[in-house]
Amino acid sequence: MKKQIGQTKDVGFQFGIRKTISGSTEDIWDYLFSPKGLKIWLGELETEFELKKGFRTKNGVEGYVRLVKPNSHIRINWKRKDWTNLSTLQMRLITNKEKTTISFHQEKLGDSKQREEVKNYWSDILDKLTTELTKEARH
């Protein structure tokens, strides 16, 4: 049987996307974890977003914060309300002189349909983040 795009040998399907923008890793990290930034990429929280704790957003995403390395990356369990499976999401910031690359990588997706869902979701999120971070940099 031929593998589909994004299909892995062991962890279902995966998807990754990244975008490089102007700004220091520290400034971008601070923005991503500010109430404004969290609302864009994670959603409006109904619970606290803390290491080794579960979280839930008003739009029905829930998960568990597994790892936080400030100014570098986080790893969380992530599940949409209509999913039966739990995926793993890693967000990473990669420094490149005066620019920073924001990377989202999601694995343990149930099928190609979920992969397509998160592809569209994270593409939109990165566009929104780029717009907002560009505005922030001008102020």
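The radius of gyration used here is taken over C-alpha atoms, and the globule rule behind it is 2.2 Å times the number of residues to the power 0.38. By that rule a compact globule with 139 residues would have a radius of gyration near 14 Å, and the protein, with 15 Å, agrees with this. The model is a predicted one, in which local features need pLDDT of at least 70 and side-chain atom pairs count only at pLDDT 80 or more, whereas totals for chains, interfaces and linings use all residues. Residues are numbered from 1 along each chain as its sequence is written, and side-chain values use heavy atoms, with hydrogens and water left out.

**Overall build**

- The protein has three helices and six strands, where helices (H or I, at least four residues) and strands (E, at least two) are DSSP runs numbered from the N terminus.
- Along the sequence these elements follow the pattern β-α-α-β-β-β-β-β-α, and the C-alpha atoms fill a box of roughly 50 × 35 × 25 Å, taken along the principal axes.
- Taking contact to mean heavy atoms within 4.5 Å, residues 24 or more positions apart account for 46% of the contacts with a separation of 6 or more.

**Burial and helix H1**

- Of the 139 residues, 42% count as buried, a class that means under 20% relative accessible area, with exposed being over 50% and partly exposed in between (1.4 Å probe, protein chains only).
- Helix H1, which covers residues 25–32, has Thr-25, Ile-28, Trp-29, Tyr-31 and Leu-32 buried.
- Seen down the axis of H1, these buried residues fall within an arc of 160°, so they line one face of the helix; the arc is that of the directions from the helix axis to the C-beta atoms.

**Two loop residues with positive phi**

- Most residues other than glycine have a negative phi.
- Asn-71, in the loop between strand E3 (62–69) and strand E4 (73–79), has a positive phi of about 65° although it is not a glycine.
- Asn-71 counts as partly exposed at 30% relative accessibility, and, not counting residues up to four places away in sequence, it touches Thr-25, Glu-26, Trp-29 and Leu-93.
- The C-alpha atoms of Asn-71 and Asn-96 are separated by 13 Å, the two residues being 25 residues apart along the chain.
- Lys-97, in the loop between strand E5 (87–96) and strand E6 (99–109), has a phi near 55°, a positive value in a residue other than glycine.
- At 73% relative accessibility, Lys-97 counts as exposed.
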